[in-house]
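Keep the structure in view as you read.

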Amino acid sequence: MPADTNTTESDTVDDSLEVTPDTQLPNATAPEVVFDVADLSVYYGAFRAVRDVNVEINKYEITAFIGPSGCGKTTVLRCFNRMNDLIESARVEGKVTYHGVDLYDRAVNPVEVRRRIGMVFQKPNPFPKSIYENVAYGPKIAGMKGNMDDIVERALRAAGLWDEVKSRLKASGMGLSGGQQQRLCIARAIATDPEVLLMDEPCSALDPIATARIEDLMQEIKSKYTIVIVTHNMQQAARVSDRTAFFTTEVNPESDTRTGLLVECDTTDMIFSNPGDERTENYITGRFG
Amino acid sequence: MALTTPASVGSRAAERSVADQLKKGGTDWAGTGFRLVLLSALGLSMLILATLIFNVVSMGLPVFTSRFGGFMSGTLRTRPEEAGLHQGLVGSFWICAFVVALAFPLGIAAAVYLEEYAVDNRFNRFVNVNIRNLAGVPSVVYGILGFTIFTKALRSLTSTGRANGLTVMSAGLTLAVLVLPIVIITASEAVRAVPNSLREAGYGVGATRWEVTRTQVLPYAAPGIITGLILSLARALGEAAPLILVGAVSGRLATDPSFLDLSQLRDKFTALPIVVTTWTTNPNPGFDQLAAAAIVVMLAIVIVANTIAILLRNRYEKKRS
């Protein structure tokens, strides 16, 4: 059994694999499900932004959400840490469970959710504070025990930024380059020791070199974190992710609005080589989107 | 030679036509005219201001050179060579103290609530619109309000027996109410200008609303809030109409307490703008110089306040980047 061929780009070996995609991990046990999304719809006021999303997110995997603009990728992502709560008109239907707990249960505290499920945004948004304070902010408000200097160093090392900034931790985070700022935001997100990292098009504002660094970084940290990434870039999804969920939009004939929906979710190999749905194939091959 | 000539002539012709196209149009008369109009508008404004300041300073200067100390420590007298604005300074100081102590914290808190906590419903929109309306209400209306509430209804609180409610406390409370909507509006705008990405960054690492407001929103909004506060303070310092209604003394004022004497709060008072109007309307020409000198003092206070505001704003803005 070629059990060590877990890489996503080895086409030759894939043909001989008879195991199901879910059992591709080296130890061949079914991966733990972190998020289970069932019949999720999100509304902004009366407008239904995305409907009928059913997807599972596995532990220690990178799941990519791809699809054309306005298909609800980001909206769904923001349900995973209740970021949509900040938009007054947003309303969620269906279920998002995290380790079996309904995230939208009345008793669930969104602040606790966000400590466990970190987020990296589309545009780098460091606090207008020093590099050190940016990273220390989360641990400080969470009341984390331990030496703060160590926590900051560990997070910056994990984000691959330590060597570039260790001599100027007191300098403003806003003075870094775009790519460095985004890695600072990743360091800030992992400083609170979350289980999941949500990344909303983290490279869309970065040049190719900075993008490559972030992608490498994702591979380095995926052994410790479950990552969900929204991306416009199909090549990026193919490069970094283990599983890919494809979203698309449909026009609502009565109101001239668009509602997003999830078409399918499978291993990245399957989505890019042998998609189950014609719409996915059309998108992948560049016929629309 | 013969063969190359047509080509070179052709290219030169093409060159000329591009040059012609690029250079056509000539002088932009309309643009120049517009620029001149704008410039003269600015020039006229500056000229009026400069004339005003020159006029006031040159008129008030003799008072400062001949009897600066006497002028600053003197009281309202009937003879111009003895009079001074000490009582007005003390009264205005306490009015500003009330504004700082009441309108600033109340206004900032109300603004933060409106922007960060209140949901966007019909009631809150109604409140928002009406705060804007309140900021536009003529100041004399606030004077009537202050007279009704602080001078009459709350007389036992704001006044000793002999002052009949016409006290510096009534005046301070009235002006605090007057600038409150201005503080709320300017602070609201400063809070609204905080980029949403900053809030999301805070919430994203598990901060509560209070933590995001305190550690991210307020520091970022601080320069704008401070600017609004100083503008409000300058407004409170310069208002005369409401003070007339709550009984600022314009003739003789028997008491002349020191700055920090708390017993004056519930006693009769006067304030700088009232002193200026009193002296300006006095038929004795000797008071014209005093009025000009008092105006210069008020201007100086406003300039100092603005300078402090700019310094504070720069400090906070530096922290932002």
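The expected span of a helix is 1.5 Å times one less than its number of residues. Keep that in mind for the first stop, in a model that is predicted.

Start in chain B with helix α5(B), residues 139-153. This helix has 15 residues. From first C-alpha to last it reaches 20 Å, close to the 21 Å expected. The helix is not straight throughout: α5(B) bends by about 30° at G146(B). G146(B) is also one of the buried residues of α5(B).

Now move to chain A and its sheet. Ten strands form an open sheet with mixed pairing. The order is β5-β4-β1-β2-β10-β9-β3-β8-β7-β6. β5 (101-102) and β6 (117-120) of chain A are the edge strands, each pairing on one side only. Next, look at β7(A), residues 196-200, and β8(A), residues 226-230. These strands run parallel, joined by five bridges. In one of the pairings, L197(A) has I227(A) of β8(A) as its bridge partner. Helix α7(A), residues 178-191, lies across β6 and β7 of chain A. Its direction is at about 170° to β6(A).

Finish where the chains meet. Here 22 residues of chain A are in contact with 18 residues of chain B. On the chain A side, α3 (110-116), β6, α4 (131-141) and α7 each give two or more residues. By class, that side has twelve nonpolar, five polar and five charged residues.

Conventions. Residues are numbered from 1 along each chain as its sequence is written. Chains are lettered from A and ligands numbered from 1 in the order in which they are written. This is a predicted model: local features need pLDDT of at least 70, side-chain atom pairs count only at pLDDT 80 or more; totals for chains, interfaces and linings use all residues. Helices (H or I, at least four residues) and strands (E, at least two) are DSSP runs, numbered from the N terminus. The bend at a residue is the angle between axes fitted to the seven residues ending there and the seven starting there. A residue is buried if 20 or more other C-beta atoms lie within 10 Å of its own, exposed if 12 or fewer, and partly exposed in between; C-beta atoms are placed from the backbone. Two strands pair if DSSP finds at least two bridges between them. Two residues are in contact if their C-beta atoms, placed from the backbone, lie within 7 Å. Axes are lines fitted to C-alpha atoms, for helices over the stretch in contact, and angles run from 0 to 180 degrees between N-to-C directions. Ala, Val, Leu, Ile, Met, Phe, Trp, Tyr, Cys and Pro count as nonpolar, Asp, Glu, Lys and Arg as charged, and the others, Gly among them, as polar.
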